[in-house]
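Good morning, and thank you for coming.

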Amino acid sequence: MAAEMTGAEIVVQALADQGVEVIFGYPGGAVLPIYDALHQQQRIRHILVRHEQAAVHAAEGYARSSGKVGVVLVTSGPGATNAVTGITDAMMDSVPLVVLTGQVPTHLIGTDAFQECDTIGITRHCSKHNYLVKDTARLGAVLHEAFHIARSGRPGPVVIDIPKDIQIFRAKYEKPAQVTHKTYKPQVKGDRAAIEAAVEMLAAAERPIFYTGGGIINSGPVASQLLRELAKLTGAPVTSTLMGLGCFPAGHPQFLGMLGMHGSYEANMAMNRCDLMVCLGARFDDRVTGRLDAFSPNSKKIHVDIDRSSFNKTVRVDLAVLGDVGSVLEDMIKLWRARAHKPQDMEQWWSDIRGWRARDSFGFEQKGAALLPQHAIRRLYEMTRDKKPIISTEVGQHQMWAAQHFGFHEPNKWLTSGGLGTMGYGLPAAIGAQLAHPGALVIDIAGEASIQMNIQELGTATQYRLPVKVFVINNEYMGMVRQWQELNHGSRYSESYSDSLPDFVKLAEAYGWKGIVIEGPDDLDAGIAAMLAHDGPVFVDCRVAKLANCFPMIPSGAAHTDMILEGDGARPDAADEDARALV
Amino acid sequence: MKHLPSERHTLSILVDNEAGVLARIVGLFSARGYNIDSLTVADVSNDHAVSRITVVTNGPPPVIDQIIAQLDRLVPVHRVLDLTDHGPHVEREMALVKVAGTGEKRVEALRLADIFRARPVDTTTASFVFEVSGSTEKVDQFIALMREVGLVEVARTGVVAIARGAEAV
């Protein structure tokens, strides 16, 4: 017979039963009972952030780098609303989270009580699912169901709103044997006939390409191995979305690099000219497709996804395979082998690809006194690659340069805000990743503008002695905004200059970090080496060329074949009104 | 895809009868820019566990497919059935129609109501409330005729629909 426990104790027990080791949060009036229960146990470690948005990003970093569910605990009202950006970010990038929010006691709900907000209403469409628990006896079951929903199917954030009286009341709690849901049953195994059709199409293709995405990362490390195997069997080139980087090794002869708006010339040209596109766990995002009516016009398209609503959302596909991408890849490989398929002759295809590759679209030349941001990131990669670092980023030019110039060889090493594009993501995500991997080298490649959106988290890293590194590509501009203003708005740099920047070294030191300035190319290597030599947290202020643009670039609303390459020269105001209206 | 011609589709959605489920459905339509022409919802199970929501929507076929896939993705949704695609089905709605007038108009209203098998459910010496049910077109037509004889106001249920034949959804 289960003993009666308070709601707060049930929360902590259910988290422990789920194997949760770390949660990220910030206390407040409506969650004090849960904080009290946390205080009286040793199993779960609570990480106190400095702002609730950062708690969610830290949980995202923890989840994406470890494959576990990230857990957040915040109070009602402002605690919950501050968490909304992070919850939306996790929704867009399919990151499994359970977010616990305190709520005013049930009898005060709807009275505009102190620190009351309609958390369930606010998070209804930015979470995978949410609950308002009005009965302590239901609390345990809801928590376990929330973990099941967060991690299964297409992962996402699940919010549980817990009124304060529910945390105080007592009820029986029993750990459930297995969690099932009466209506929510995601399909993992792909349909046999569809997989057969996919394998036949692949075997018949002369110019195939694998277009891979974050779904492969979410499916688990095995899916990345299976992708490598299928690529080897078929000899087809592989490209990856921003979210999928690491699922196929950078530098592999079959890897074309990232595709899309700031992707490689060869990846985008190959997408345009292929005769078969196999989309694995990606979603035809607008940053990938560019102009839809010119997107890969002559190819057959296969789409493997665990979320049925991703099929035909923007791009019509010829064959949809519903299921977990890892499971589908496994079945495809088995079938390919069982039928003893041999790939078609792809000499012409690879010859075309070699031609596009020869354009060296990520190329740059470091000369002169100004340090090129591309060079800084490339050197950072070369000097750290042996340590298999985990890289997080903020959002903007530095993020795209990191995606282009930092090589990723394994899944779960690359943490970035893709769908929502949330500035301020990188530092808390790095903190979360460092907690999941205490011995790992974790670096937030940041911009001087983005880093200021959650810079208060320097204190969190100090408190928990986390040796995270922040590497700021400092060009004194919100670089991507400035780049768009140059291309689309007559170089009128409206409000995009980073004025009144702090002395980052002094700021870092004030928080107990080590601060380093890199002034130019000559002290780049020494600065990186000093960063790596210090066993605590380090903030590197890397001053780079102020007006560098991020190329290649497919302007908004343009086709893959209309890429602007470095050296083409910017075409100021080339965009017409329709294109300028796009994001 | 959006330039394809719009089609009217009637969707039957079986959902868990829990707090906020209607808000999830309606919010999905507004958040993603889908249309709702009519919406009905009621508890339909013995144990009050399941509600049936009937939505009449319109959009090009790919958008209708998206609507169904997006609805299906919601955790409390058991089943989404596109009755328009599914095959023969019955659609009905009910309206309460208030008409005021005296003399010949009043007599005419009663006569037209009789033709439409509309029943007076409230009567004063100067007004009727008619209950009329049937297809959307029939209800539309009855209301249009009532405008001629003193229509005051209308309350409509919106469409409820069910597939023909012995099978359940």
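Please note at the outset that this is a predicted model.

How many of the residues of α17(A) are buried? Helix α17, residues 426–436, is mostly covered, with eleven of its eleven residues buried. Among them are A:G426, A:P428, A:I431, A:Q434 and A:L435.

Next, some backbone details. Most residues other than glycine have a negative phi, and most peptide bonds are trans. A:F284 is not a glycine, yet its phi is positive, at about 55°. This phenylalanine sits in the loop between β12 and α12 of chain A, the helix covering residues 286–289. A:A340 also has a positive phi, of about 50°, although it is not a glycine. A:A340 belongs to the loop between α13, residues 325–338, and α14, residues 347–357, of chain A.

Are these two residues buried or exposed? A:F284 has 24 other C-beta atoms within 10 Å, and is therefore buried, since the cut-off for burial is 20 or more. A:A340 has 7 other C-beta atoms within 10 Å; because 12 or fewer counts as exposed, A:A340 is exposed.

As for the peptide bonds, a cis bond joins A:F551 and A:P552, with omega at about 0°. A:P552 is found in the loop between β20, residues 538–543, and α22, residues 577–580, of chain A.

Let us move to chain B, which is divided into domain 1, residues 7–86, and domain 2, residues 90–162. The centres of these two domains of chain B, taken over C-alpha atoms, are separated by 29 Å. Their contact takes eight residues from domain 1 and six residues from domain 2 of chain B. On the domain 1 side, the elements giving two or more residues are β1 (7–16), β2 (38–43) and β3 (50–59) of chain B. Of these, β2(B) gives the most, with three residues. By class, this side of domain 1 has three nonpolar, five polar and no charged residues.

Chain B has an open sheet of four strands in the order β2-β3-β1-β4, with antiparallel pairing. Its edge strands are β2(B) and β4(B), each pairing on one side only. Neighbouring strands of this sheet are turned by 15° against each other on average, direction ignored. Within the sheet, β2(B) and β3(B) run antiparallel and are joined by six bridges. B:S38, for instance, stands opposite B:V56 in β3(B).

Two helices accompany these strands. α1(B) lies across β1, β2 and β3 of chain B, and runs at about 155° to β1(B). α2(B) packs on the sheet and touches β1, β3 and β4 of chain B, its direction making about 160° with that of β4(B).

Which element supplies the largest share of the side of chain B that touches chain A? The contact takes 17 residues from chain B and twelve residues from chain A. On the chain B side, α1 (21–31), α2 (61–73) and β4 (77–82) each supply at least two residues. The largest share, seven residues, comes from α2(B). By class, the chain B side divides into seven nonpolar, five polar and five charged residues.

That brings us to the end; thank you for your attention.

Definitions and conventions
Residues numbered from 1 in each chain as written. Chains lettered and ligands numbered in written order. Predicted model: local features only at pLDDT ≥ 70, side-chain atom pairs only at ≥ 80, totals over all residues. Contact = placed C-beta atoms within 7 Å. Nonpolar A, V, L, I, M, F, W, Y, C, P; charged D, E, K, R; others polar. Domains from an automatic or database assignment. Pairing = 2+ DSSP bridges. Axes fitted to C-alpha atoms, helices over the stretch in contact; angles between N-to-C directions.
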